[in-house]
Amino acid sequence: MDLVDFPSMSRGDLRDMRIAIDTAFRDFTRAYGDTLESIFHPIQVLLVFIEDLLIDAPWIVVLAGLAGLVWALGRSWKIVAGTVIALLLIGYFGMWEDTMRTIAMVAVCTLIAVVIGIPVGILMARSDRANGVITPILDMMQTMPSFVYLIPVVMIFGLGKVPGVIAVVIYAVPPIIRLTNLGIRQVPADVLEAAEAFGSSAGQKLREVQLPLALPTIMAGVNQTIMMSLAMVVVASMIGVRGLGQPVLQAINNQYFTLGVMNGLAIVAIAIIFDRSTQAYGKRLQRHLEAQHG
Amino acid sequence: MAEATHDIEIRDLYKIFGPNGAAHVADVKAGMSKEDLKARHDHVLGLDDINLTIPAGRIQVVMGLSGSGKSTLIRHINRLIEPTAGKVIFEGRDIVQMGPAELRDFRREKTAMVFQKFALFPHRTVLENTTYGLNIRGIPDGEAEERARRWIARVGLEGFEGSYPNQLSGGMQQRVGLARALTNDAGILLMDEAFSALDPLIRTDMQSVLLDLQQELQKTIVFITHDLDEALRLGDRIAILRDGRIIQEGTGEQIVLRPADDYISSFVRDVKRGHVITARTVMRRVEPVETPVTLPATALLEEAARAMTDADASRANIAAQDGAHLGVVTLSKCVAEMIAPDDGDEADAKAQVA
Ligand SMILES: Nc1ncnc2c1ncn2[C@@H]1O[C@H](COP(=O)(O)OP(=O)(O)OP(=O)(O)O)[C@@H](O)[C@H]1O
Ligand SMILES: [Mg+2]
């Protein structure tokens, strides 16, 4: 017996199988692609709306608005000053419009990830069975090379903003789900018991005790989700998402070193802004934990 | 609503911790000990054949060494722990059989609990912790706050309403737990070592708060403590647990005068008898005598002795609440009872030194 070569399926069988699956999926796409596209259309509307808002408004207003938002989150003048300087430089080097597109994209993706992620995380925290089913799916979403799930997304939606958003959300939603789950499960048992003893319903326990105590952890998840959607911007540009990713892609293809570095740095800059302001917000949520007594 | 009119009746209650507790009830009923159950089946015997009637409007103290099942027992009254077998009857209903909604209403309206480890909500301020029970019952914020502030002041935490629990010392946190339970104004108050983290001064103070409260409101209070003096001061009745069984139940006086076994004797040996035994138990039923001192039937030996010494009298009349004469005590008898516990020399010596 031959123990060196693995006893694999014959080439022909393998090809037939691939063709069968691909054909089935293509048929599915033809049959339902339009329906799916119309379901996801609101995402496009929202994204275009935010993009237009950021691009068409006078830059000074947008700058002030973003600085105000950063202040509201972090309450730190240092972060606000860093934000203003970074955005001024970005504008000066001609990357304003692309940056605004990327910010709009990340904002929409994060919003969708939160809307999906928090309820799923709650579900996992409440049911060990759901936890058992969803955890491996999340593992798969996080380790599967992102290019692989770009394929079906593109087959269904073609190139454009919506498939970009879907691809980014698939990539970026796991941390918020995981950390919502973790945050709720970490609520001390004795505190939950106290809530129980006072006659809280399940919903009251969730609203009054579990979610507030999990919130700092959930915010850490939101932070990671934002970082991951920014990282995905370059990949998403391959399927037609406009923004800072496109010039980077162009720079790779044509070996434009400076163009690549400038846009790369712009991505880094907004990543730092997002990161610092959401982290500062998370810290503020934990004020009550600043221990003065053991 | 606040005043309790129904006893809590605990009947044939068993709790066996472990994945398959119910399977071992029969063994335990047949007399298997806590050690054997642990060694042979790896289950922990929490409660063993508990029968206890907790009288309405009274303070029932539960005592026992660490691990004897006190917290387990008190948690069965609001069913934070499901029993393995048995009943807990209140107002004609078995708490063990209640459905989820019924149990929730029972907990909201009839009970409040103070926890051994405080179990405060870390994300809520002192005031918000205290209003929790009222909030979830949908009582308007204004009213809830007003009631909460009253109790916060009563436990001596005025000025800390806006603090978070971990900005407070252990004793202060325990008082927040107390205020949180009292604000709920429920008929049943479950207190699991509610005063254990307090310094002696505040502890005495909180005992007084509880006794005052009890005089006003007559709640049914289950109070767990390790401290015999506290048990005797607060408890209308005292139950003593050992390895999940009740080994003696009665008034403080009964337990001090007639400890059921050596375990309990060792508990009560150091007690200040003058603070526990009433003059009435040592009086003689004779006609009234000529003396300036007349004592109520509830007077303790120490109070009686002090009253007689102050008045320079050697005898006192004892009268019932309505003024009817009951009997006579002598100063020497009072003092003799205070310093002479049942078990001889050692304690005698102690009393003399003190
Ligand atoms: N969830 C549990 N699982 C297994 N065993 C438990 C559990 N809870 C309590 N026990 C056991 O039940 C027994 C009684 O515990 P309990 O907490 O009621 O003691 P306690 O009298 O309140 O002690 P302490 O004075 O230290 O508070 C102990 O042997 C303990 O190990
Ligand atoms: Mg205990």
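Student: Which domains does the domain assignment give for chain B?

Tutor: Happy to start there. This is a predicted model, where local features need pLDDT of at least 70, side-chain atom pairs count only at pLDDT 80 or more, and totals for chains, interfaces and linings use all residues. Residues are numbered from 1 along each chain as its sequence is written, chains are lettered from A in the order in which they are written, and side-chain values use heavy atoms, with hydrogens and water left out. The bounds come from an automatic or database domain assignment, and for chain B they are domain 1 (8–110 + 186–268) and domain 2 (274–353).

Student: How many salt bridges are there between domain 1 and domain 2 of chain B?

Tutor: The C-alpha centres of these two domains of chain B lie 33 Å apart. Contact (heavy atoms within 4.5 Å) involves 5 residues of domain 1 of chain B and 5 residues of domain 2 of chain B. For salt bridges (a side-chain nitrogen of Lys or Arg within 4 Å of a carboxyl oxygen of Asp or Glu), the count between the two domains of chain B is 0.

Student: And between chain A and chain B, how many salt bridges are counted?

Tutor: Here the contact takes 22 residues from chain A and 27 residues from chain B. One salt bridge joins the side chains of B:Arg107 and A:Glu196, at 2.9 Å from N to O. The count between chain A and chain B is 3.
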